[in-house]
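Dear colleague,

Please find below the structure that I am handing over to you, followed by a summary of what was found in it.

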Amino acid sequence: MKTCFVASPIGNPKSDTRIHADKFLKYIVEPACLRTGFTASRSDQFYGSDYVDRMIIEQLASCDLVIADLSEKNPNVYFEVGYRLALGLPLVITVRMDEDVKFDISTLRQLKFDPSFSADNVEWAVDELVKHIKAEESKNHVKPILGYVQQSEPKNAKDNEIWIKTEDF
């Protein structure tokens, strides 16, 4: 089965953040993943004595898909989105309908969902997430940051050193 890592604010047990994260995972992400052949996991579902940050980086680099919930403007999730974008791998960005994302990524497509988690809204959100997942699967993913670097010509010797190093990537 294909793997999906869910990057989201998690919060402490019983906090509003955790309640939201658990509902988002259970009612929206897991059903959409099931319909598209993915198994979803979130960082708090891994056990053992590994470093959490290392595990998250490994998941971001190795999973077939990442779904990132940018609700609450959590800086960790923004970092995880940036890392996944730099890798040029499949990523779906979500955010609560009543929130906006930060300017730097506001031009990326986002699935905005109703945080009430009512039956009708959940059904709509699952259907939309399935569409986003299928769209990401059908894309020809490239490493966008390297693409930008390789499109520009070096202007001086120092830039040329950077050029050479990034081409080896």
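The second largest pocket has a lining of 17 residues, and those nearest its centre are Ser 43, Val 52, Ile 56, Asn 76 and Glu 80. Strand 1 (2–7), helix 2 (52–62) and helix 3 (75–87) are the elements that each give two or more residues to this lining. Its volume is about 270 Å³. By class, the lining comprises ten nonpolar, four polar and three charged residues.

The model is a predicted one, in which local features need pLDDT of at least 70 and side-chain atom pairs count only at pLDDT 80 or more, while totals for chains, interfaces and linings use all residues. Residues are numbered from 1 along each chain as its sequence is written, and side-chain values use heavy atoms, with hydrogens and water left out.

The terms used for the pocket are as follows. A pocket is an open set of points on a 1 Å grid over the protein atoms alone, where a 1.4 Å probe fits, with protein on both sides within 12 Å along at least five of seven lines; lining residues have an atom within 4 Å of a point. Grid points are joined across faces, edges and corners, and the volume is the space filled by probe spheres set on them. Ala, Val, Leu, Ile, Met, Phe, Trp, Tyr, Cys and Pro count as nonpolar, Asp, Glu, Lys and Arg as charged, and the others, Gly among them, as polar.

Of the residues nearest the pocket centre, Ser 43 lies in the loop between strand 2 and helix 2. Ser 43 is buried, at a relative accessible area of 17% (buried is under 20%, exposed over 50%, partly exposed in between, with a 1.4 Å probe and protein chains only). Leaving aside neighbours within four places in sequence, Ser 43 is in contact (heavy atoms within 4.5 Å) with Phe 5, Ile 10, Met 55 and Ile 56.

Overall fold

The chain has six helices and five strands, in the order β-α-β-α-β-α-β-β-α-α-α from the N terminus. Helices (H or I, at least four residues) and strands (E, at least two) are DSSP runs, numbered from the N terminus. Of the 169 residues in the chain, 40% are buried. Among contacts between residues at least 6 apart in sequence, 63% join residues at least 24 apart.

Residues up to four places away in sequence apart, Phe 24 touches Val 6, Val 29, Ile 67, Asp 69, Thr 94, Phe 113 and Phe 117.

Ala 32, in helix 1, is buried, with a relative accessible area of 0%. Its C-alpha atom is 6.2 Å from that of Leu 129, 97 residues apart along the chain. Beyond four places in sequence, Ala 32 is in contact with Val 126, Leu 129, Val 130 and Ile 133. Arg 35 is also found in helix 1, and the C-alpha atoms of Arg 35 and Val 130 are separated by 7.3 Å. With neighbours within four places again set aside, Arg 35 is in contact with Val 126, Asp 127 and Val 130. In helix 4, Trp 124 is partly exposed, at 39% relative accessibility. Residues up to four places away not counted, Trp 124 touches Met 97, Leu 111, Lys 112 and Phe 113.

Backbone angles

Most residues other than glycine have a negative phi. Lys 14, which is not a glycine, has a positive phi of about 70°. Lys 14 lies in the loop between strand 1 and helix 1 and is exposed, at 78% relative accessibility. Lys 73 also has a positive phi, near 50°. The loop between strand 3 and helix 3 holds Lys 73, which is partly exposed, with a relative accessible area of 34%.

With kind regards
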